[in-house]
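Subject: Handing over the structure

Hello,

Here is the structure I promised to pass on. Please open it first, then read my notes below.

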Amino acid sequence: MPMQKDWSKRHLAAGPSAEARAEWFLQGRAEQLPPRGHWHGWLMIGGRGSGKTRAGAEWVNALVRGLPLFSPARVGLIALVGETLADVRDVMVEGPSGIIAASHAQTRPRFEVTRRRLVWPNGAVAMMFSSEDPDSLRGPQFEAAWCDELAKWKHDEACFDMLQFGLRLGDWPRQLVTTTPKPTALIKRLIDDPGFVVTRMKTRDNAGNLAAGFLAVVEQRYGGTRLGRQELDGELIAEREGALWSRAMLDDCRGGATPDLVRIVVAVDPPVTAHRTSDACGIVAAGIDAAGIAHVLEDASFAPAPPARWAERVAALHDRLQADCIVVEANQGGDLVTEVLRSIDRSLPVRSVHARRGKLARAEPVAALYEQGRVRHARPMPELEDEMCDFSAGGLSNGKSPDRLDALVWALTELMITRRAAPKVRPMA
């Protein structure tokens, strides 16, 4: 829409006036402003407190006023849809970031509670609907809609589908969906819908508008966990049917101080090549305590990983943790893999292992250790845990190699299943 650029220039050419400075297009972050182009839907996925509600309220007010950055013409009939009517009222309409609070005094709408609608001075109307009653959307028709917290809707598919039949007025019927993500079928469908533009926001993006200390507290408590990634980072954390690990299983194995460890190993699954698109070098450190509980200490995997770089990282991790040995899968590189490590430090205690069974067969006994509560994670390790919860009989869903998981399996196999004594370091001549 070229008018966006022209409108902004016209208002800012001589410096913004006090009235212009109050406009949302100057206050909001880029991801809170509508995407360019002619789209049917705008899906705004964000963490809690990331500014989704304010963006939705400002979008509705701007449509009603016909601000060119937001709409080529005034919009007169709008649907407001939430989980319940109370949510629509308390969050979308009367909330601290809702439509009324975001309105200018001279254009503030009148809230007709009994009729469940907002009416603006220019005659525009926004009607309120609940996901609990999809049939209430049969009959009314609209030019635009704002749907809030779609991931929480009671009858999400039925309600959303009824709304689509009502978006049939004007030259450009469109909708904004603001939500904290959950892996519902409808959310996944909209992400894959070419008619929807997806915007992502994190809670920390809106730190300046949150209570002092709030972000530090919740990030310290939930950062990197499944709940934190969903509620703070706005990530869609999906479960894969048939995966050896579940998100709940990993949540249960995290937390508490790591005790003294009687043995520590660093396991390495080296890549065959080191191109930009090559597999990662899986590097995972783990230890075992006197009670026989394993503790996954660190995921240091990375890509691309040239031999010299991964060897340096492995040696540094070994030294920092004072590990007993380095376990290296040598199926691909054989003795060369060991020599790469010892080129960094010839005293490194390296133990080569060879995979004689498939990845699934090697991983299943390790998954059983988690089910038995015999493995703990010292901290959240999102990328490793994503691979674990995506790994099934068919491998990873994206078809890639589970390099982080492979390294984890080798480390825990060494500590918990093979249970060999720590090797004695023998200086090489």
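Start with a charge over a ring. The charged end of arginine 174 sits over the ring of tryptophan 172, 3.9 Å from the ring centre. Keep in mind throughout that this is a predicted model.

A second case of this kind involves arginine 313. That residue lies over the face of phenylalanine 302, and again the figure is 3.9 Å from the ring centre.

**Aromatic pairs**

How many aromatic pairs does the structure hold? There are six. One of them joins tryptophan 39 and tryptophan 172. Where do the two partners lie? Tryptophan 39 is in the loop between α3 (24–27) and β1 (41–46). Tryptophan 172 is in the loop between α6 (156–166) and β7 (174–179). The partners are 133 residues apart in sequence, so the pair ties together separate parts of the chain.

Are these two tryptophans buried or exposed? Tryptophan 39 has a relative accessible area of 5%, so it is buried. Tryptophan 172 also counts as buried, at 7% relative accessibility.

Another edge-to-face pair is made by phenylalanine 129 and phenylalanine 142. The centres are 5.6 Å apart and the planes make 80°. Phenylalanine 129 belongs to strand β5 (residues 125–130). Phenylalanine 142 sits in the loop between β5 and β6 (144–148). The two are 13 residues apart, and their pair links distant parts of the chain. Phenylalanine 129 is buried at 6% relative accessible area. Phenylalanine 142 is buried too, with 1% relative accessibility.

Look also at the tryptophans as a group. Ring pairs link Trp39, Trp42, Trp59 and Trp172 into a cluster.

**The eight-stranded sheet**

Eight strands form an open sheet. Their order is β3-β4-β5-β2-β6-β7-β1-β8, and the pairing is mixed. Which strands stand at the edges? They are β3 (110–112) and β8. Each has a single partner strand, so one side of each is left without a neighbour in the sheet. On average, neighbouring strands here are turned by 15° against each other, direction ignored.

Strand β2 (residues 77–82) deserves a look. Five of its six residues are buried, so the rest of the structure largely encloses β2. Six bridges join β2 to β5, and the two run parallel. Within that pairing, leucine 77 has valine 125 of β5 as its bridge partner. β2 also pairs with β6 in the parallel sense, over four bridges. Isoleucine 78 is bridged to alanine 144 in β6. Valine 81 is bridged to cysteine 147 in β6.

**Helix α4**

Helix α4 covers residues 52–65, which makes 14 residues. At 1.5 Å a residue, α4 should span 20 Å. The end C-alpha atoms are 20 Å apart, which agrees.

Is α4 enclosed or open? Of its 14 residues, 11 are buried, so α4 is largely enclosed by the rest of the structure. Among the buried ones are Lys52, Glu58, Trp59 and Asn61. Trp59 is also a member of the tryptophan cluster. The buried residues of α4 pack against α3, β1, β2, β6, β7 and β8 (196–201). After the helix comes glycine 66, whose phi is positive, near 70°.

**The six-stranded sheet**

There is another open sheet, formed by six strands. The order is β13-β12-β9-β10-β11-β14, again with mixed pairing. β13 (350–353) and β14 (375–377) stand at the edges. Each has a single partner strand, so one side of each lacks a neighbour in the sheet. Neighbouring strands of this sheet are turned by 25° against each other on average, direction ignored.

How do β9 and β10 run, parallel or antiparallel? Strand β9 (residues 261–269) and strand β10 (residues 282–289) run antiparallel, joined by eight bridges. For example, arginine 263 has isoleucine 288 in β10 as its bridge partner.

Helix α15 (residues 403–418) packs on this sheet. The helix touches β9, β10, β11 (294–299), β12 (325–329), β13 and β14. Its direction makes about 25° with that of β10.

Best wishes

Terms used
Residues are numbered from 1 along each chain as its sequence is written. This is a predicted model: local features need pLDDT of at least 70, side-chain atom pairs count only at pLDDT 80 or more; totals for chains, interfaces and linings use all residues. Side-chain values use heavy atoms; hydrogens and water are left out. Rings of Phe, Tyr and Trp (its six-membered ring) pair if their centres lie within 6.5 Å; planes under 30 degrees apart count as stacked, over 60 as edge-to-face and the rest as tilted. Buried means under 20% relative accessible area, exposed over 50%, partly exposed in between (1.4 Å probe, protein chains only). A charge sits over a ring if NZ of Lys or CZ of Arg is within 6 Å of the ring centre and within 35 degrees of the ring normal. Two strands pair if DSSP finds at least two bridges between them. The expected span of a helix is 1.5 Å times one less than its number of residues. Contact means heavy atoms within 4.5 Å. Axes are lines fitted to C-alpha atoms, for helices over the stretch in contact, and angles run from 0 to 180 degrees between N-to-C directions.
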